[in-house]
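Hello,

Here is the structure I promised to pass on. Please open it first, then read my notes below with the view beside you.

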Amino acid sequence: VITLANPAVELRISLQGLVNVEEESKRVQKEIEKVRADVEFVNNKLSKESFIAKAPAELIAKEKTKLAEYELKLKELDATLVRLAKLK
């Protein structure tokens, strides 16, 4: 079930039987692996004292923003896997 919501309307559409759950799960898992690699890369960059010491503050802030976005994306992808598992 996908839920689309705005303050006035909530639309729920069942995807059971419309989506190849196994293939979609594989696709989501592959995306999770890519995003985890991105998180690791940014974490490594931000953990290096030489980067923090030399990089402009705006670049450090940009990297922290990217990290937060990647972490949010991971949570969303994990939730998608849970929803897909319920369709099996």
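**What I found**

Start at Val 35. Leaving out residues up to four places away in sequence, Val 35 touches Tyr 70, Lys 73, Leu 74 and Leu 77. Keep in mind that this is a predicted model.

Where does Val 35 sit? Its place is in helix α1. Is Val 35 buried or exposed? Its relative accessible area is 7%. Buried means under 20%, so Val 35 is buried. Now look across to Glu 71. Val 35 and Glu 71 are 36 residues apart along the chain, yet their C-alpha atoms are separated by 8.1 Å.

**The whole chain**

Step back for a moment. The chain has 3 helices and 2 strands. From the N terminus on, the order is β-β-α-α-α. The chain has 88 residues, and buried ones make up 22% of them.

Now find helix α1, residues 21-47, and helix α3, residues 57-87. Their axes come within 9 Å. How do they cross? The angle is roughly 160°. Angles over 145 degrees count as roughly antiparallel, and α1 and α3 are therefore roughly antiparallel to each other. Their crossing is left-handed. The residues of this contact divide into 15 nonpolar, 4 polar and 11 charged.

**Two more residues in the pair**

Ser 25 also has its place in helix α1. Its relative accessibility is 12%, so Ser 25 counts as buried. Which residues does Ser 25 contact, leaving aside neighbours within four places in sequence? They are Leu 81, Leu 84 and Lys 88.

Leu 87 is found in helix α3. With a relative accessible area of 13%, Leu 87 is buried.

**The core**

In soluble globular proteins, nonpolar side chains tend to be buried together. Here is what this model shows. The largest nonpolar core has 16 residues. Which of them touch the most other members? They are Val 28, Ile 32 and Leu 46. Helices α1 and α3 each supply at least two residues of this core.

Finish with Leu 46. Not counting residues up to four places away in sequence, Leu 46 touches Phe 51, Ile 52, Ile 60, Glu 63, Lys 64 and Leu 67.

Best wishes

Technical notes:
Residues numbered from 1 in each chain as written. Predicted model: local features only at pLDDT ≥ 70, side-chain atom pairs only at ≥ 80, totals over all residues. Heavy atoms only, no water. Axes fitted to C-alpha atoms, helices over the stretch in contact; angles between N-to-C directions. Helix = DSSP H or I, 4+ residues; strand = E, 2+ residues; numbered from the N terminus. Parallel < 35°, antiparallel > 145°, perpendicular 65-115°, else oblique. Left-handed = near helix turned anticlockwise from the far one by under 90°. Nonpolar A, V, L, I, M, F, W, Y, C, P; charged D, E, K, R; others polar. Buried < 20%, exposed > 50% of the residue type's maximum accessible area, 1.4 Å probe, protein only. Contact = heavy atoms within 4.5 Å. Core = buried A, V, L, I, M, F, W, Y, C linked by side-chain atoms within 4.5 Å.
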